[in-house]
Structures are given as C-alpha cells and as structure tokens.
Amino acid sequence: LLQNGLQLVPLEVSFFVLLGVSVREMPSAAGLLLLTMLLQFFLSHSALPLPGPVSNAATLFVGTALGCAHEYVHGTSHLIVLLPTIVLLAPGATVLKAVLASIDASAPGAAEPPPTDAWFELLMLAVSFAVGEAIAHHLWAPALSRRAAARAEATAVALSDSKAVCPVRLARIVAVGVPVAETLE
C-alpha cells in the first residue's frame, strides 16, 4: 500500500508543476491527493468492492471536499487537488483504443456494428466524476464564497489605507463578494 502511494509522488509533482502550484503549497496538495488516491485504492480493493462508478463518485467527492478545505484554509483553488485526481482516475489507452475502434466500425461500409460497451463505460465514468465533484463543491460553495468575500474585503481595506488607491473610497463588500465603490465628493 505504501509502495503504491510512493509511486504516485513523481506523477503528482509533475501535475503540480504543470498547474503552476508553488513549492510552498506542494506538500499539502500532494498529501491531499495521496489521501484521495489511497481512498480509491481501498474502495476498489476492499473485501466488498464497490462498482466502478460508485467508487469514482466517492473518490471525486472526497478529493473535491479536501481540495475545497485546502482552498478555504490557504486561499488557492481547489483545482490543484481536483485536476490531478481526475487525470489519475481517467481511463487509459485501452478505452481510447476501444472508442477509436467503435468509430472505425461505424464508418460507412463497415461489416460489423460499433460496440457500445466502451461508450457506455466512458459515459458512466464522466457521470460519476461529475456527480462526486458537484455534490462536494455544492456543499462547500457557501463557505468558500464567504471566505473569498472576507479576503476581498481585507484586501480592499489594506489598499484603501495606502496611497495606491485614487479618488475612490472603497466601501464594505456586500455578501456576494462584489465591491461597492463610492466616489469622493
């Protein structure tokens, strides 16, 4: 189990470099991604294995929730955990070859009808990813919105005390996070 987790570390680091994650944030994001992948391993190799779409939805739910918690605490996007999770769970070359074969089989003049198994598996995979991510993000959205509004208000107050802000006095930020500016008279 530890060996499987350690094999993911170089891949995780390459994802973070591609996403532009700072070196300071990499350890926490890598830890969250590792927890998510270990959950996927446990769900798929337990005594009572779950079906693939259920396991994927649960993994994406936990990965998105952990990413949103990271965003709440550190202020960086939850996508630094979510995108590598999706890439690691995405189907490999076998599904791509099956989809391409079904496209070839559906061409005019083909002798056999196209197989639908690969398309159905791909559809179920996409739906399970979307369901897991959407539920977790929907649960975290109010807290993330309030936290972003508080950070924006703190930034506006900090800027209003400096000489960088011109003839505009920054007012309080409304609950939706849109700054309201009043001109000086």
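Predicted model: local features only at pLDDT ≥ 70, side-chain atom pairs only at ≥ 80, totals over all residues.
Local features need pLDDT of at least 70 and side-chain atom pairs pLDDT 80 or more, while totals for chains, interfaces and linings use all residues. Numbering starts from 1 along each chain as its sequence is written, and side-chain values use heavy atoms, with hydrogens and water left out.

**View 1. Helix 2 crossing helix 5.** Here we have helix 2 (residues 9–19) and helix 5 (residues 79–89), whose axes come within 10 Å and cross at roughly 125°. Helices here are DSSP runs (H or I, at least four residues), numbered from the N terminus; axes are lines fitted to C-alpha atoms over the stretch in contact, with angles from 0 to 180 degrees between N-to-C directions. The pair is therefore oblique, the label left once under 35 degrees (roughly parallel), over 145 (roughly antiparallel) and 65 to 115 (roughly perpendicular) are taken out.

**View 2. A closer look at Pro84.** Pro84 sits in helix 5 and, at 1% relative accessibility, counts as buried (under 20% relative accessible area; exposed is over 50%, partly exposed in between; 1.4 Å probe, protein chains only). Beyond its neighbours within four places in sequence, Pro84 is in contact (heavy atoms within 4.5 Å) with Phe15, Phe16, Leu19, Leu33 and Leu79.

**View 3. His137 and its surroundings.** Over in helix 7 (residues 117–160) you'll find His137, partly exposed at 27% relative accessibility. His137 touches Thr64, Cys68 and His78, leaving out residues up to four places away in sequence.

Note on methods:
Helix = DSSP H or I, 4+ residues; strand = E, 2+ residues; numbered from the N terminus.
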